[in-house]
Amino acid sequence: MNGRIETKVNPGVPGGDDYWAPVFGVYRNLPTRRPFANDNPDYPAQTSTDPSTNFAILNYERSGKYQEDWRVIQLNMDVEYKLFDGLTAKALLGYYYANQNLNNQEYTYKLYDYDEENDEYVVVTDMSNPWRERRMGYNEELTSNIQLNYNNTFGKHTVGAILGFEASRRDEPSTWLRSNPESNALSLIYFPMMAEYNDKGKERQARMGYISRLNYDYDNKYLFEFSGRYDGSWKFPPGHRWGFFPSASVGWRISEEAFWKNAKLMMYSTISKSVPLTG
């Protein structure tokens with residue numbers, strides 16, 4: 001069992017990657033441009049062709065705040081039991097749950113230049129597209145794998161077999177809404193200012209499969225294997241979700257033959273042929 005509590009907080013810089021803006025600013029900001037017009041901390045300046053690279057606005061006070069909280073837990077169980085000589089049963093079960101709560105508010109701001117002749121600060125560009133968004137949702141996944149394994153030797157005959165079942169189901173429901181607040185001071189999302197709303201529903205993903213494999217060898221020389229999977233996936237439309245995928249192979253371990261050993265050749269060799277069907 002493991003889990004984590006994770007919180008990521010960044011300034012609400014426009015764009016999808018808030019880490020990129022300061023890194024990009026190292027390369028784009030002109031060394032001749034100060035972060036503030038006339039070094040006045042009340043008037044951030046434009047330091048490159050990209051307004052968001054100025055370090056003077058990469059803070060919570062001027063850009064807003066992006067916060068993403070995750071609460072995650074993961075449980076795994078592995079059980080193996082010997083039923084009788086040669087036959088074992090094994091089960092692997094897993095559960096994963098991750099809850100997300102995202103809040104992001106990007107403030108409007110202005111960038112200035114200083115007119116020394118008139119002793120005034122002139123707006124050269126601004127970010128006039130306020131952005132407020134919230135996403136709430138979770139990811140939940142159940143996985144299972146159950147197998148019967150048989151392996152035994154009878155004289156010169158060795159037999160092995162596997163029968164198994166596996167399944168997984170994942171739900172990713174979430175709701176997302178966005179508004180254009182009339183003021184940077186409005187941290188709540190009010191219905192009259194709401195611009196978008198998106199409900200994803202369960203977004204269910206599911207897979208299921210049956211597994212089989214049979215191995216036989218005689219005297220460690222002549223080998224045969226047959227395996228097959230009968231798999232179903234949510235990715236395909238109803239009526240076309242299931243498929244059977246067999247595979248067969250035969251082999252001859254020629255290095256175990258008496259004539260090969262009598263030749264005193266220090267070489268291990270096997271001739272094999274397999275025919276699979278995949279999809």
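Reader: Is Phe165 buried, partly exposed or exposed?

Author: Phe165 is partly exposed, with a relative accessible area of 24%. Here buried means under 20% relative accessible area, exposed means over 50%, and partly exposed is in between, with a 1.4 Å probe and protein chains only. Keep in mind that this is a predicted model, where local features need pLDDT of at least 70, side-chain atom pairs count only at pLDDT 80 or more, and totals for chains, interfaces and linings use all residues. Residues are numbered from 1 along each chain as its sequence is written, and side-chain values use heavy atoms, leaving out hydrogens and water.

Reader: Thanks! How many aromatic pairs does a search of the whole structure find?

Author: The search finds 9 aromatic pairs. Rings of Phe, Tyr and Trp (its six-membered ring) pair if their centres lie within 6.5 Å; planes under 30 degrees apart count as stacked, over 60 as edge-to-face and the rest as tilted. Phe165 and Tyr210 form a tilted pair, 5.3 Å centre to centre with 50° between the planes.

Reader: And where do Phe165 and Tyr210 sit in the chain?

Author: The pair links distant parts of the chain, 45 residues apart: Phe165 is in strand E7 (residues 157-171) and Tyr210 in strand E10 (residues 205-218). Strands (E, at least two residues) and helices (H or I, at least four) are DSSP runs, numbered from the N terminus. Tyr210 is also partly exposed, at 40% relative accessibility.

Reader: Which residues do ring pairs link into a cluster?

Author: Tyr43, Tyr112, Tyr114 and Tyr121 are joined that way.

Reader: Switching topic: which residues make up the largest nonpolar core?

Author: That core has 7 residues: Val13, Ala21, Ile57, Leu58, Tyr109, Leu111 and Met127. A nonpolar core is a set of buried Ala, Val, Leu, Ile, Met, Phe, Trp, Tyr and Cys residues joined through side-chain atoms within 4.5 Å.

Reader: What is Tyr109 in contact with, leaving aside its neighbours within four places in sequence?

Author: Tyr109 is in contact with Pro51, Ser52, Ile57, Arg62, Asp126 and Met127, where contact means heavy atoms within 4.5 Å.

Reader: Now the backbone. What is the phi of Asp119, and where does Asp119 lie?

Author: Asp119 has a positive phi of about 55° although it is not a glycine, and lies in the loop between strand E4 (109-115) and strand E5 (120-127). Most residues other than glycine have a negative phi. At 54% relative accessibility, Asp119 counts as exposed.
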